[in-house]
Amino acid sequence: MSAIDDRATWHSRAQALKPRTQAFIDGRYRDADSGETFECVNPATGALLARVASCGAADVDAAVASARRAFEAGHWSRMAPAARKRVLRRFAELLMQHRDELALTETLDMGKPIADSLAVDIPAAARCIEWYAEAIDKVYDEVAPTAHQTVALVTREPVGVVGAIVPWNFPLLMASWKLGPALATGNSVVLKPSEKSPLTALRVAGLAIEAGLPEGVLNVVPGFGHTAGEPLALHMDVDCIAFTGSTRIGRRMLEYSGRSNMKRVWLECGGKSPNIVLADAPDLERAAQAAALGIFFNQGEMCSAASRLLAQESILEPLVERIVEIGRGMAPGDPLDPATRVGALVDRAQLDTVMGYIEAGRGEGARIRLGGERVLEETGGCFVEPTVFDRVRGDMKIAREEIFGPVLSVIGFRDEAQALALANDTMYGLVSAVWSRDIGTAHRVAKSLRAGTVYVNCYDADDITVPFGGFKQSGNGRDKSLHALDKYTELKTTWIDLGT
Ligand code: NAD
Ligand code: MN
């Protein structure tokens, strides 16, 4: 088991790693049309990892044309679901067979602990592909209950060419949430990974072909948002954009659609999620553990981060005390050390953003209870201590904006009504949580929270079988579960007159 390999082993593997750096178009690796590249830097050291093809409009055109040709040819789009299942299951198996290499690539590219890449990112990505593979020959279409002399079929068809634009915080996993349902339903995909973490997507494109996916069904165009993402989202021959990223850029996807061909736009955007701990929480220790992991796991670079802790005044102090203790035990370290629980932030820009928010919190009068500093600067890496602010007010910047770093904002409340008002006072609505041992209180609060997910007496529950997505400006549509199939299929009604 690789999880027990030591730090030296991972470092020597890192030395030997030769990542794929070319775009993947029409079933083969190739340079960008312009020949341009961009630098991929290891955020834990500042060292250059790779120079990656920087795709532009010409590459996107080629990828979309290839995806369209493959779709029209029908080798995938009209393949029997049971046959697609076999290919995608093989793809999932190949992801697991390459788990060490993919986990290492993810860790080097974006700074997360190797233990997490191994235990979470890669297995969850494989599980996602496998789950949609297994599901797709078990979903039935409908016959509508129309009058006796007619038959009306309601069938699902793939939408065609899907443009998937994904972020850097769980690079392969977020890509898999699109690839699983989009490919299982027979679409062709052009995937645009983040310029901050393009390497695993490039690697797995080759594995998909090895698994038997026909050429052109999956293309990967690494590059920047404005040079590769924008031409993809504006493309007249793309039928659907499946986006995960910030609310600011998600908004642009809607504009691109309006300015081009009204392509379907599905958005999984940001969050500023409230974690409400009432005085009658069943277990304050568990609440503290969940609150700490909810904001420090993955360096806080999580759309679902428990970034606002709303604590009832009578238990606020012991709860914060305990979270601070747990956070102190999570000091950032070398991501290639299997013992590390908090790694490096993804890059210098994100480091500056997070430090800017910490400054803002101090400036607005919140109190630092833990952390607040950049650390391990001598490594050349982007490390920030787990940070806890208390005495935060609902109108402060650190209570309103998504920080996307290991920074917790603690806000006190008197009663349930005030907690709910604070919780819902946000443009976001991704996830939320309530801790109470009273079943009535828990249900009442859960019903009033405007968010796509409500955790009750937990924060970490996760499974591919449940839908994930946001209310309000956290987005629309849902990833995961069978509901995600809705994003990648059109409903067709076929009326048949049986005569009289
Ligand atoms: P981002 O919005 O900056 O970038 C997301 C993707 O969009 C990247 O691939 C980027 O290159 C691309 N992009 C940027 N500008 C573009 C443009 N003008 N046109 C086309 N594409 C463009 O987000 P990020 O910093 O990569 O990721 C962090 C954000 O993602 C956070 O807000 C986080 O909450 C969100 N997120 C949401 C979920 C979810 O499921 N709701 C999951 C993970 C991350
Ligand atoms: Mn990187």
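Helix α8 (residues 225-233) buries A228, G229, P231, L232 and A233, where buried means under 20% relative accessible area, exposed over 50% and partly exposed in between, with a 1.4 Å probe and protein chains only. Helices (H or I, at least four residues) and strands (E, at least two) are DSSP runs numbered from the N terminus. The buried residues of α8 pack against α2 (57-73), β7 (161-165), β8, β10 (240-244) and α9 (247-259), contact being heavy atoms within 4.5 Å. An α-helix has 3.6 residues a turn, so residues three or four places apart point the same way.

A word on the ground rules: this is a predicted model, in which local features need pLDDT of at least 70 and side-chain atom pairs count only at pLDDT 80 or more, while totals for chains, interfaces and linings use all residues. Residues are numbered from 1 along each chain as its sequence is written, chains are lettered from A and ligands numbered from 1 in the order in which they are written, and side-chain values use heavy atoms, with hydrogens and water left out.

Zooming out, the chain holds 15 helices and 21 strands. Its radius of gyration is 23 Å, close to the 23 Å that the globule rule gives for 500 residues, so the chain is as compact as a globular protein of that length. That radius is taken over C-alpha atoms, and the rule is 2.2 Å times the number of residues to the power 0.38. The C-alpha trace spans about 70 × 60 × 45 Å along its principal axes. Of the 500 residues, 57% are buried. Contacts between residues at least 6 apart in sequence join residues at least 24 apart in 74% of cases. The exposed surface comes to about 19700 Å², with 52% of it supplied by carbon and sulfur atoms; accessible areas come from the Shrake-Rupley method with a 1.4 Å probe, and for residues only the protein chains shown count as cover.

Next, the metal. The manganese ion (ligand 2) is coordinated by D109 (O), D109 (OD) and K196 (O), at 2.2 to 2.4 Å. This pair links distant parts of the chain, with D109 in helix α4 (residues 99-110) and K196 in the loop between β8 (188-192) and α7 (199-211), 87 residues apart. Donors here are N, O and S atoms within 2.8 Å of the metal (3.2 Å for Na, K and Ca); water is not among the atoms, so sites may look incomplete. D109 counts as buried, at 1% relative accessibility, whereas K196 is partly exposed at 22%.

Then there is the sheet. Seven strands line up in the order β14-β17-β18-β13-β12-β19-β20, forming an open sheet with mixed pairing; two strands pair if DSSP finds at least two bridges between them. At the edges stand β14 (367-370) and β20 (453-456), each with a single partner strand, so one side of each is left without a neighbour in the sheet. From one strand to the next the twist averages 25 degrees, with axes being lines fitted to C-alpha atoms, for helices over the stretch in contact, and angles running from 0 to 180 degrees between N-to-C directions.

Strand β19 (residues 431-435) runs parallel to β20, and four bridges join the two. On the β20 side, V454 is the bridge partner of S432 and V456 that of V434. Both valines sit on the uncovered face of β20, while T453 and Y455 make up the covered one.

Beyond its neighbours within four places in sequence, D479 contacts W177, K178, T244, E268, V466, P467, F468, A484, K487 and Y488. Most residues other than glycine have a negative phi, and most peptide bonds are trans. K472, in the loop between β20 and β21, has a positive phi near 50 degrees and is partly exposed at 36% relative accessibility. S481, found in the loop between β20 and β21, has a positive phi near 65 degrees, but counts as buried at 2%.

Finally, L153 belongs to strand β6 (residues 150-158) and is partly exposed at 28% relative accessibility. Not counting residues up to four places away in sequence, L153 touches E142, V143, K492, T493, T494 and I496. L153 and A119 are 34 residues apart in sequence and, C-alpha to C-alpha, 44 Å apart in space.
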